[in-house]
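Here is a guided walk for anyone who likes to read a fold with the model open beside the text. Take a moment to look it over, and then follow along.

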Amino acid sequence: MSNVFTIPVVLGIIYSGLRLATPYLYAAIGEAFAQNSGVYNLGVDGIMLMGAFSGFYVGMKTGNLWWGLLAAMGVGLLMGLLMAVVSVTLKAEQGISGIGLYMFGLGLSSLLFKKTMSGVESISGFQPVRIPLLGNIPYLGDVLFNHNLLVYGAFLLVPLASFILYKTPFGLMIRAVGQNPQAADTLGINVDRIRYITVSLGGMLAGIAGASLSISLINLFQENMTSGMGFIAIALVYFGSWRPLGILGGALLFSFVNALQLWLQVLGVNFPYDFAVMLPYAMTILALAISVRRAAMPDALGKPFERGEF
Amino acid sequence: MPQRSEIKRMLNQVFEAILPILAVPVALIIGALILLLLRANPGVAFTALVQGAVGSTFSVTQTLVKATPLLLVGLGITIAFRGGVINIGGEGQIIVGALSATALALSFSQWPGAILLPLCLLVGTLSGALWGAVPGVLKARLGVNEILSTIMMNAIALQLSNYLLRGPMIDPAEIEAGTRIAQSALLPRQAWLPRLVPQTLLHAGSILALVMAVLVYIFLWRTTIGYRIRAVGLNAQAARYAGIPVPVYQALAITLGGAFAGLAGAVEVMGVQRRMLEGLSGGYGFSGIVAALFGNLHPLGTIPASVLFGGLLVGADKMQRAVQVPSAFVDTLMGLIVLFVVSSRIWAVRRARRRETYE
């Protein structure tokens, strides 16, 4: 078995791992914004599916992938807004309303797909862009600096989100609202407005996560193509203790194991396919079990805010 | 005056019961808008839907056939949600229940029906319970979010089923014929649930589900364990002060939830399909949630709710043929209904709060 891990294979695993991490990063960072402000949106997977569909459909019809991406962002934003109305203004139980949003997104994306397309079609997605100089480094250049823009974007999002959450007044407000909304309210922070912003932003990023599948990584749309990736992304937020850097670590660990699994299949290592597919889900449960650090969890997570309620 | 407060209490119960029903017209209006966007006539579509659900004797029985797993899953969801745990693992629990009932029936196909049939139901129930107990114990012991773990358990069960139905459990006839459809062999005849109406699929499992609904009602409202589960769900902190071991009862609630979904899987195999096949869970794990919420998380309310959504599922097929709107339309509608039902609770809560202030 030792001859399986040749240099090209290891490089291949790194390359696929970075690509696979992309949708998880967008979705999980978006969810981290929402959760840090005290709202958990379980509808991420449904938003991703709608993002994947609208990105693909608009990209295909207009022949311009950027319009597709914009459509995915818009649809994601709207669905995030819907979640905000339900969970912030109407104060619905977030676990259940998120599942409602998921079912809505899953149903609507299948419905639109069946109504507008005759079958699974593929599209030519975003092309890789080689970064000058860095892209010419032997071996690593190909693996690290020759991706499409959505992949770079996902990795740039991590420091950006970290900066926003921990170095700006807005980030401080988000975390204050998530930790102690009553105190934030007495300081004059509009709790509901902050939560509307974070949940909508999270929705928009989930829309991009979906589009990253359909117009930059897999380049096709099919029903339920996320197969639960949105839920894994939520688990990554827990795993990463609600910090963007932690999420990055989790997403990389996850996608490298997944990439390894895919490569082992390609190389014909004898391992039942169904168990290989099972791996990320089993890993998620394991990751949740060993990483639960209650202290890091925003205190007001999942609790609707009501003025004057102590 | 005890009588007046009694009447008030009843009126409030009525109000709470009809609130979810108000969500239907709203969902229907949005559904009609979606249909218009898809260039389908909403009137024709909804007429086809209703006709498909209750237009003939056969369609009525089909509605009841679909309502049966919805009711069983919904009962499990009711117990879990009442205990304050959100069980999204219905799909996986149905699958393992169906798989194990099938495996047992095929392994002991010589046993008499009087033993084999109840044993299959029991084993299906127990494996569903086991599939629910894993997230339950993880939540109780390590605080693992049960929504996420139950969803992961769904995916694991699905892969397990794919593996078994294409490998060890595949019908030998499928290998012989070379078609290799992923399904098990036909169950021995004595493990079939009896059919109630000739020429239809309506089976004894529907009666079993009704009996279970009454039993769950008695369990939740007339036994100490049921009372404690509800207490934990209503106010975990107060329950803790009252000396109830909250994590134990949360784990129990989700395990019982799994048991009912497992039973639903066994019943679906033994009553309808008579073999295990891919896609048997049919989304009941999710639509069961809708039925339970719609039934106001009350076992008896879940009965009409599951008939309603069973009809919706059956009618969707007819609608698909009549106006070429894919049946995924109904899934979309169900998602909207969940959103509306949970959102509408704010009015019940506000009313309750006003009452407290004025009295």
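**A walk through the helices and loops**

Let's start in chain B, where Arg39(B) sits in the loop that links helix H1 (2-37) to helix H2 (42-54). Please keep in mind that this is a predicted model. Arg39(B) is not a glycine, yet its phi is positive, about 60 degrees. Most residues other than glycine have a negative phi. Is Arg39(B) buried or exposed? Arg39(B) has 10 C-beta neighbours inside 10 Å, and a residue with 12 or fewer is classed as exposed, so Arg39(B) counts as exposed.

Lys91(A) belongs to the loop between helix H3 (65-89) and helix H4 (94-116) of chain A. Its phi is positive too, near 55 degrees, in a residue other than glycine. Lys91(A) counts as partly exposed because it has 19 C-beta neighbours inside 10 Å, while 20 or more would be needed for a buried residue.

Now return to chain B and follow H2(B) to its partners. Two packed helices are described by the angle between their axes and the distance between the axes. With helix H13 (residues 299-323) of chain B, H2(B) packs at an angle of about 130 degrees, and the axes are 7 Å apart. That angle makes H2(B) oblique to H13(B). The crossing of H2(B) past H13(B) is right-handed. On the H2(B) side, the residues that meet H13(B) include Val44(B), Ala48(B) and Leu49(B); on the H13(B) side, Gly311(B), Leu312(B) and Asp317(B) are among those in the contact. Sorted by class, this contact has 13 nonpolar, four polar and two charged residues.

The other partner to look at is helix H3 (residues 57-82) of chain B, whose axis comes within 5 Å of that of H2(B) and crosses it at roughly 85 degrees. H2(B) is therefore roughly perpendicular to H3(B). Here Gly52(B), Ala53(B) and Val54(B) of H2(B) meet Ser59(B), Val60(B) and Thr63(B) of H3(B). The classes in this contact are three nonpolar, three polar and no charged residues.

Next come two helices to view from the inside. In chain B, 24 of the 28 residues of H11(B) are buried, so this helix is largely enclosed by the rest of the structure. Its 28 residues, at 1.5 Å a residue, should span 40 Å, which agrees with the 40 Å between its end C-alpha atoms. Arg274(B) follows H11(B) and has a positive phi, near 60 degrees.

In chain A, look for helix H10 (residues 229-239). How many of its eleven residues are buried? Eleven are, so H10(A) is largely enclosed by the rest of the structure. Among the buried residues are Met229(A), Phe231(A) and Tyr238(A). Their cover includes helices H1 (7-36), H2 (44-62) and H9 (191-217) of chain A, and also helix H6 (146-166) of chain B. After H10(A) comes Ser241(A), with a positive phi near 50 degrees.

That brings us to where the chains touch. The contact takes 39 residues from chain A and 35 from chain B. On the chain B side, helix H5 (113-142), H6, helix H12 (284-294) and helix H14 (328-358) each give two or more residues. The largest share, 13 residues, comes from H14(B). By class, this side of chain B has 25 nonpolar, eight polar and two charged residues.

Notes
Residues numbered from 1 in each chain as written. Chains lettered and ligands numbered in written order. Predicted model: local features only at pLDDT ≥ 70, side-chain atom pairs only at ≥ 80, totals over all residues. Helix = DSSP H or I, 4+ residues; strand = E, 2+ residues; numbered from the N terminus. Contact = placed C-beta atoms within 7 Å. Nonpolar A, V, L, I, M, F, W, Y, C, P; charged D, E, K, R; others polar. Axes fitted to C-alpha atoms, helices over the stretch in contact; angles between N-to-C directions. Parallel < 35°, antiparallel > 145°, perpendicular 65-115°, else oblique. Left-handed = near helix turned anticlockwise from the far one by under 90°. Expected span 1.5 Å × (residues − 1).
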